[in-house]
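This report goes through selected features of one model, element by element. The sequence and the structure come first.

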Amino acid sequence: MNGASNLRLTLILAVVSVAGIIGMLLFDGIADSFALLLAATPLLFAALRLWQHRSGGD
Amino acid sequence: MSNRRLFRINLWLHRWSSLVATPFFLLLCITGTVLIFHEEIDRALGYVPQASAHGSGLVRTPGDAVAAVQAANPNRRVILVSRDEDEHPGLLAVYVAPKNDTGFEHAKAVWVDATTAQLLESADPDKTPTGIFLELHAQWFMGPLGEVFGALIALLVLISLVSGVVIYAPYVRNIAFGVLRRGAGPRLLQLDLHNFFGAVVLGWLFVVTCTGFLLGFGTIAQGVWSNTELKALKSRLETPGELDREHPPIGFDQAFAAAVRAQPGWRPTQAVYPGTDLSTAQHYTVLLFGAKGIRERLFRIALVNARTGSVDDVRDLPAYLQAIQLAQPLHFGDYGGLALKILWVACSWLALFITGNGAWLWWNRRRRAESERVAAEPAT
């Protein structure tokens, strides 16, 4: 992955997280759970990347 | 402006805005983590009053409950009644203030059982552990001035975030997202951790910082509303003749009922009594919340005539107050259950880490530069 893509990925993660945080406030029910997943996406993605690097991937 | 110059300006902004904000922001992260769980902590420590078990006791009206509070506080008057059936079923929080006060600074909450009109023992919220943490977090023990100081800290953190993204751009040209250079010295590892965790919590930090900035102007915004919109309402709606502020002809429960009749489907939670900074001399200001979605968080107000019980005005708050209202849950993360609270704690701790390790990176760089300078000096 090149530098521009890395920066884009960081910004996309931030936008997704903000959308999830605000979405949880706006919606109820199943949409609410989906919004929580969006809000947690950067943390989940980070955990996945750390695990990938530790096990020698990428 | 050349890219190099832009980078250097942002590096300077990131370094100094972060360093100035560091001690305060560390404290905010720690107190914020505790405040995320304030409901659970208060409950565990026994600070949340409980409705008494209703035996064969006489069932009383909500008006009787308020009268019982008034009788127990003869030197004060009731200025606000709050009812939250989700959090405190069967209870009323009745706020009493010195008789001549129109503001809420010296108000104290008295809990009362709405069914039996029995006054309940409860701790002063300002003296509970979470109350003290909240005062530190929101006001720095300085009252409304502390709120503005908090907004200033939020502004510094916001500058640090934006400048941080600008100086992060050249860094990620060379390092893949999530790579931690172990074995290349502590400085590079800490730099990678700083950038990686910073990228992870960027969105969350942006939300919490922007909302913190808005909340810093809460008291000021309330004052602006009181002196503009409410003032206009007062001149339009008030009629000649004094009203007995301590015993208005219409009780708060009747004001609630009138507001619901005017706005079916809305839930009244608070009634501000006539003659305060947030009501006219003759009207209750009743706060009405919607049933679901964003309306659960965004109340509108109904002005209920305390003489006649008529609803003389219903309106949404102006945009600046709505923004501050929405900023509260978005800042404290208490609107999505335990899962969201855990997410908030995780992000707070990561923010705590990058703040501390950012300061370490600055100190380490400074120390290295100093030792290099000493080594370069000719021996005397």
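## A buried strand residue

Ala97(B) has a relative accessibility of 0% and therefore counts as buried. The model is a predicted one. Ala97(B) lies in strand E2 of chain B, and E2(B) as a whole is mostly covered, with six of its eight residues buried.

Apart from neighbours within four places in sequence, the contacts of Ala97(B) are Arg76(B), Arg77(B), Ile79(B), His106(B) and Ala107(B). One of these, Arg77(B), stands opposite Ala97(B) in the strand pairing. Asp64(B) is 33 residues away from Ala97(B) along the chain, and the C-alpha atoms of the two are separated by 19 Å.

## The sheet of chain B

Seven strands of chain B form an open sheet in the order E3-E2-E1-E4-E5-E6-E7, and the pairing is antiparallel. Strand E3 (108-113) and strand E7 (311-316) are the edges; each has a single partner strand, so one side of each has no neighbour in the sheet. From one strand to the next, the twist averages 25°.

Helix H9 (residues 229-237) of chain B packs on this sheet and touches strand E5 (283-289), strand E6 (300-305) and E7. The direction of H9 makes about 160° with that of E7(B).

## Pairing around E2

Strand E2 (residues 91-98) of chain B is joined to strand E1 (residues 76-82) by six bridges, and the two run antiparallel. Within this pairing, Val78(B) has Val96(B) of E2(B) as its bridge partner.

E2(B) is also joined to E3(B) by six bridges, again with an antiparallel run. Here Tyr95(B) stands opposite Ala109(B) in E3(B).

## Helix H1 against helix H4

Where do the axes of helix H1 (residues 3-36) and helix H4 (residues 129-139) of chain B stand relative to each other? They come within 9 Å and cross at roughly 145°. The crossing of H1(B) and H4(B) is left-handed.

On the H1(B) side, the contact is made by Leu27(B), Leu28(B), Thr31(B), Gly32(B), Val34(B) and Leu35(B). H4(B) contributes Thr130(B), Phe133(B), Leu134(B), Leu136(B) and His137(B). By class, the residues of the contact of H1(B) with H4(B) are seven nonpolar, four polar and no charged.

## A serine in helix H5

Ser160(B) belongs to helix H5 (residues 144-174) of chain B. Is Ser160(B) buried or exposed? Its relative accessible area is 12%, so Ser160(B) is buried. Leaving out neighbours within four places in sequence, Ser160(B) is in contact with His14(B), Ser17(B) and Ser18(B).

## Positive phi in two loops

Most residues other than glycine have a negative phi. Ala117(B) is not a glycine, yet has a positive phi of about 60°. This residue sits in the loop between E3 and H4 of chain B. With a relative accessible area of 10%, Ala117(B) is buried.

Trp140(B), not a glycine either, has a positive phi of about 55°. Its place is the loop between H4 and H5 of chain B. Trp140(B) has a relative accessible area of 12% and so is buried.

## Cysteines without disulfides

How many disulfides does the structure hold over all chains? The count is zero. Cys210(B) is in no disulfide, and the nearest cysteine sulfur, that of Cys347(B), is 15 Å away. At 26% relative accessibility, Cys210(B) counts as partly exposed.

Cys347(B) is buried, with a relative accessible area of 5%.

Note on methods. Residues are numbered from 1 along each chain as its sequence is written. Chains are lettered from A and ligands numbered from 1 in the order in which they are written. This is a predicted model: local features need pLDDT of at least 70, side-chain atom pairs count only at pLDDT 80 or more; totals for chains, interfaces and linings use all residues. Side-chain values use heavy atoms; hydrogens and water are left out. A disulfide is a pair of cysteine sulfur atoms within 2.5 Å. Buried means under 20% relative accessible area, exposed over 50%, partly exposed in between (1.4 Å probe, protein chains only). Axes are lines fitted to C-alpha atoms, for helices over the stretch in contact, and angles run from 0 to 180 degrees between N-to-C directions. Helices (H or I, at least four residues) and strands (E, at least two) are DSSP runs, numbered from the N terminus. A crossing is left-handed if the near helix is turned anticlockwise from the far one by less than a right angle, and right-handed if clockwise. Contact means heavy atoms within 4.5 Å. Ala, Val, Leu, Ile, Met, Phe, Trp, Tyr, Cys and Pro count as nonpolar, Asp, Glu, Lys and Arg as charged, and the others, Gly among them, as polar. Two strands pair if DSSP finds at least two bridges between them.
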